[in-house]
Amino acid sequence: MSLLEIKNLTVEFQTASGPFRAVDGVSLKVDEGEVLAIVGESGSGKSVSMLAAMGLLPWTAKVTADVLTFNGRDMQAMSDSDRRKIIGKDIAMIFQEPIASLNPCFTVGFQIEEVLRIHTDLGRKARRDRAIELFQSVGIPNPEERLGHFPHQMSGGQCQRVMIATALACNPKLLIADEPTTALDVTIQKQILDLLMKLQDEHGMGLIIITHDMGVVAETADRVIVQYKGRQIEQADVLSLFSEPKSVYTKALLAALPENATGGRLPTITEKLTDAEIFAGAVR
Amino acid sequence: MTPVLEAKNLKRDYHIPGSLLKPAKTVHAVKGVSFKVEQGKTLAIVGESGCGKSTVARMVTMIDPITSGEMLIDGRKVDIASEPLTSEMRSKVQIVFQNPYGSLNPRKKIGDILTEPLVINTKVPADERRDRAMAMLKKVGLEEKHYGRYPHMFSGGQRQRVAIARALMLNPRLLVLDEPVSALDLSVQAQVLNLLADLQDEFQLTYVFISHDLSVVRHIANDVMVMYFGEAVEYGSRDQVFEDPQHSYTKTLFAATPRVDVDAIRARVERRKRVA
């Protein structure tokens, strides 16, 4: 049984100029211990599809899916309070902007203990010990002292570690990382990705990495989904995606990477491709 | 031939005033860097956030005065702290910023954005300003009909084209590009990089290209300077730096850059299988 299973997910937003389809017929499966990367350019619906799966979209969004199950339980039929018991505990999410996603008014210690207070019945002392343990596991030096710090006192990389620690607080079965390293320097990116992969390996959890960076995909994923304008273009394991891409869009994307350039100019095939051609070339 | 830009032992300090509880402090943002760029060439400056690469850009574009050292543009010594900046010098160096969503005034039409440098720095009459802006729009791959539109009507890549067009309106000798493609999608990034290369060929432009993305740098640069905590730890031709990095920080940087070649992926997948 898959950990998360989505079939034919569609998300529509009502706009002044009629309904806008942000996600159109996305299907995916994630197993335990598997790393899935969803890659696409901005506006490809990669974040929205995951937010929809977690039920985090505002009421203006219309979400429909044939199947949307987590660990065998139907997420659509579930009541809001039941879903809130799962989110943050069994499914956790890391967002792109680490500094913006922490509350600037509270210490990081308060914010990580808050998760434990809501989802576990640990006492005050036990919560604090667990927070220290979590900070240690994500590599934050002097955890006892750091718990009392506010987000603005920490660097971007440290804040992202706090976010990861908070996400891991209840040993989630599935971790969704939405552009976890986009705002960070390459050297810090490497540390964070290594940390995510190490923790994923230790806990055997499912991991979904949402990214636009082919480099991040190459370094982390087992399986890859390529999305464009809300639709799935290609789904393949990481090696075959990079060695023999099947759809025209994936080929064009990989050709546009500066490291694959041969001459003085980069091939800009996506510029000439129409949406219809891209969708026609989709390989499910 | 005199290089377009030459910097000798360039330094920049920022003074942070103290308060009742905090003593005053001086931050040495750039601790003496030297470099030069010949006409038609590209120098890339690489480093992580806070290493002083944007401070170098501010000094080269004559936004910030230099604390000590010497900077020559077209063989002429420039020091904005001691002498006022003439519009002639101002038009020699122009800059393109990282985020095209922030660098274009949302209340101004594209036409006004493009002609503004001419209004400020030259005495070109209005109808010629308009003609030049129209011609520049075509040069950067936009159309004449875009002249009367507002920035919010454009995509990120198009906005970056507008920002590049604005920088070129004064026919500069040197263009400083501060992370010009890091806010753009992969396919758009390729288009903008190609545009920059075309413009460089056409006008013999000189670029100072600031970036943290080594794959982009390797593609576009002739020379590379790696900065770390305000110092230039590595400086040489592209092939020198990439083939044979000397400083340990440069090596760390190269090791941290994700690799997308198939062999590296195969090795990683197999390593993962063995563990599992």
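This is a predicted model: local features need pLDDT of at least 70, side-chain atom pairs count only at pLDDT 80 or more; totals for chains, interfaces and linings use all residues.

Guide: A:Thr220 counts as buried, at 1% relative accessibility.

Visitor: Why does A:Thr220 count as buried?

Guide: Buried means under 20% relative accessible area. A:Thr220 has 1% relative accessibility, and therefore counts as buried. This residue is found in helix α9 (residues 214-220) of chain A.

Visitor: What does A:Thr220 touch, not counting residues up to four places away in sequence?

Guide: A:Thr220 touches A:Val35, A:Leu193, A:Met197 and A:Ile209, and also B:Arg268. To touch, here, is to have heavy atoms within 4.5 Å.

Visitor: Is A:Lys246 buried or exposed, and how do you know?

Guide: The term exposed requires a relative accessible area over 50%. A:Lys246 has 52%, so this residue is exposed. Its place is in the loop between α10 (238-243) and α11 (248-255) of chain A. Leaving aside neighbours within four places in sequence, A:Lys246 is in contact with A:Glu234, A:Lys251 and A:Val283. The C-alpha atoms of A:Lys246 and A:Ile99 are separated by 38 Å, and these two residues are 147 residues apart along the chain.

Visitor: Let us turn to chain B. What makes chain B as compact as a globular protein of its length?

Guide: First, the secondary structure of chain B comes to 10 helices and 10 strands. The globule rule gives 19 Å for 276 residues, and the radius of gyration of chain B is 21 Å, which is close to that value; chain B is therefore as compact as a globular protein of that length. Along the principal axes, the C-alpha trace of chain B spans about 70 × 50 × 45 Å.

Visitor: Which domains does the domain assignment give for chain B?

Guide: The assignment gives domain 1 (5-92 + 173-275) and domain 2 (99-171). Their centres, taken over C-alpha atoms, are separated by 25 Å. In the contacts between them, 17 residues of domain 1 meet 13 residues of domain 2. Separately, an unreviewed UniProt entry lists residues 5-254 of chain B for "domain: ABC transporter". Over residues 5-254 the chain is 36% helix and 26% strand.

Visitor: Which residues touch the most other members of the largest nonpolar core, and why is it called a nonpolar core?

Guide: B:Leu114 and B:Ile164 touch the most other members of this core, which has 40 residues. The name is used because such a set holds buried residues of kinds including Leu and Ile, joined through side-chain atoms within 4.5 Å. Among the elements of chain B that each supply at least two residues are α3 (110-121), α5 (156-168) and β8 (206-211). The most comes from α6(B), with seven residues. Domain 1 and domain 2 of chain B each give at least three residues to this core.

Visitor: With which residues is B:Leu114 in contact, leaving aside its neighbours within four places in sequence?

Guide: B:Leu114 is in contact with B:Ala133, B:Leu137, B:Val162, B:Ala165, B:Arg166 and B:Met169. Apart from this core lies another, of 38 residues, including A:Phe135 and A:Val216.

Technical notes: Residues are numbered from 1 along each chain as its sequence is written. Chains are lettered from A and ligands numbered from 1 in the order in which they are written. Side-chain values use heavy atoms; hydrogens and water are left out. Buried means under 20% relative accessible area, exposed over 50%, partly exposed in between (1.4 Å probe, protein chains only). Helices (H or I, at least four residues) and strands (E, at least two) are DSSP runs, numbered from the N terminus. Domain bounds come from an automatic or database domain assignment. The radius of gyration is taken over C-alpha atoms; the globule rule is 2.2 Å times the number of residues to the power 0.38. UniProt positions are given in the numbering used here, feature names are shortened, and annotations may be inferred rather than shown by experiment.
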